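Here are my notes for someone opening this one up for the first time. Have the sequence and the 3D view side by side while you read.

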Amino acid sequence: MSSILAAVREAMSAPADEIPLIGDATGAQASIETQSPPRAKETGMSGNQAPAAAGISQAEHDAAVAAAETKGHGAGMNAATARLTTALGAEGVKGDAGRMSAALDLAAKSPAMSGEDVAAFVVANVAATKPASGADAAAYEQSRLAAAGLAQPGNAPKPADASAGWKRAADSINKRNG
């Protein structure tokens, strides 16, 4: 394992460019002096050179990279889920549709905010929705009971007689045709 770290350190280490000198302490115009032209940094390993130099095969290197990506993805998903659960389940937000909607929107648009910060902001800045009054609950219960009877066999409304509809259609056609 230390050979992989050594290879990464070696690939990432580059001689530091000399720090530019700024003008004298009296406020003279700043001048930038450099000893060498800027170099492009190497951001990745090219071909099989770095893994082979570290004593591992390309297949082992690729497997280690894939395992690290999988582990990182899982950790990120767990952190995001925990953040949203904290924001939406906080006291003052939980159960209030308006505040939950605002918390979800804020959490999506401000990924740097913690779940606690999202919840605190929403509680402080979004008005709570009023709980349902007793009249609304009574009306709901009445409509629920009325609908419950429809699910029972034999309680469905009876369809209109089809012959009456055909008779009206025939009368209408006969009236038009004379």
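The points below go from the overall fold to the core and then to the charged residues.

1. **Ground rules.** This is a predicted model, where local features need pLDDT of at least 70 and side-chain atom pairs count only at pLDDT 80 or more, while totals for chains, interfaces and linings use all residues. Residues are numbered from 1 along each chain as its sequence is written, and side-chain values use heavy atoms, with hydrogens and water left out.

2. **The overall picture.** The protein chain has seven helices and zero strands, so called from DSSP runs (H or I, at least four residues, for helices; E, at least two, for strands) and numbered from the N terminus. Written out along the sequence, the pattern is α-α-α-α-α-α-α. Of the 178 residues in the protein chain, 11% are buried. Buried here is under 20% relative accessible area, exposed is over 50%, and partly exposed is in between (1.4 Å probe, protein chains only). Among contacts with a separation of 6 or more, 46% join residues 24 or more positions apart; a contact is heavy atoms within 4.5 Å.

3. **The core.** Which residues make up the largest nonpolar core? There are nine: Ala87, Ala90, Val93, Ala103, Leu106, Ala107, Val118, Ala119 and Val122. The term covers buried Ala, Val, Leu, Ile, Met, Phe, Trp, Tyr and Cys residues joined through side-chain atoms within 4.5 Å. Helices α4 and α5 (115-125) each bring at least two residues to this core. As background, nonpolar side chains in soluble globular proteins tend to be buried together.

4. **Helix α4.** This helix covers residues 97-109. Its 13 residues reach 18 Å from first C-alpha to last, close to the 18 Å expected at 1.5 Å a residue (the expected span is 1.5 Å times one less than the number of residues). Arg99, Ala103, Leu106 and Ala107 are its buried residues. Down the axis of α4 they fall within an arc of 100°, so they line one face of the helix; the arc is taken over the directions from the helix axis to the C-beta atoms. Helices α3 and α5 are among what covers them. Turned away from that buried side are the exposed Ala97, Ala108 and Lys109.

5. **Helix α5.** Now look at the other helix. Gly115, Val118, Ala119 and Val122 are buried in α5. Viewed down the axis of α5, these buried residues sit within an arc of 95°, so they line one face of the helix. They pack against α3 (58-88) and α4. On the other side of α5, Glu116, Ala124 and Asn125 are exposed.

6. **The one I'd stop at: arginine 99.** Not counting residues up to four places away in sequence, arginine 99 touches Gly92, Val93, Val122, Val123, Val126, Ala127 and Ala128.

7. **The salt bridges.** How many salt bridges does the structure hold? There are three.
   - Aspartate 105 pairs with lysine 109, closest N and O atoms 3.5 Å apart. Both lie in α4, four residues apart, about one turn of the helix. Aspartate 105 is partly exposed at 39%, and lysine 109 is exposed at 63%.
   - Glutamate 141 meets arginine 144 at 2.6 Å, N to O. They are three residues apart in helix α6 (residues 134-150), about one helical turn. Both are partly exposed: glutamate 141 at 33% and arginine 144 at 37%.
   - Lysine 167 bridges to aspartate 171, closest N and O atoms 3.3 Å apart. This pair lies in helix α7 (residues 162-177), four residues apart. Lysine 167 is exposed at 51%, while aspartate 171 is partly exposed at 41%.

8. An α-helix has 3.6 residues a turn, so residues three or four places apart point the same way.

Notes:
A salt bridge is a side-chain nitrogen of Lys or Arg within 4 Å of a carboxyl oxygen of Asp or Glu.
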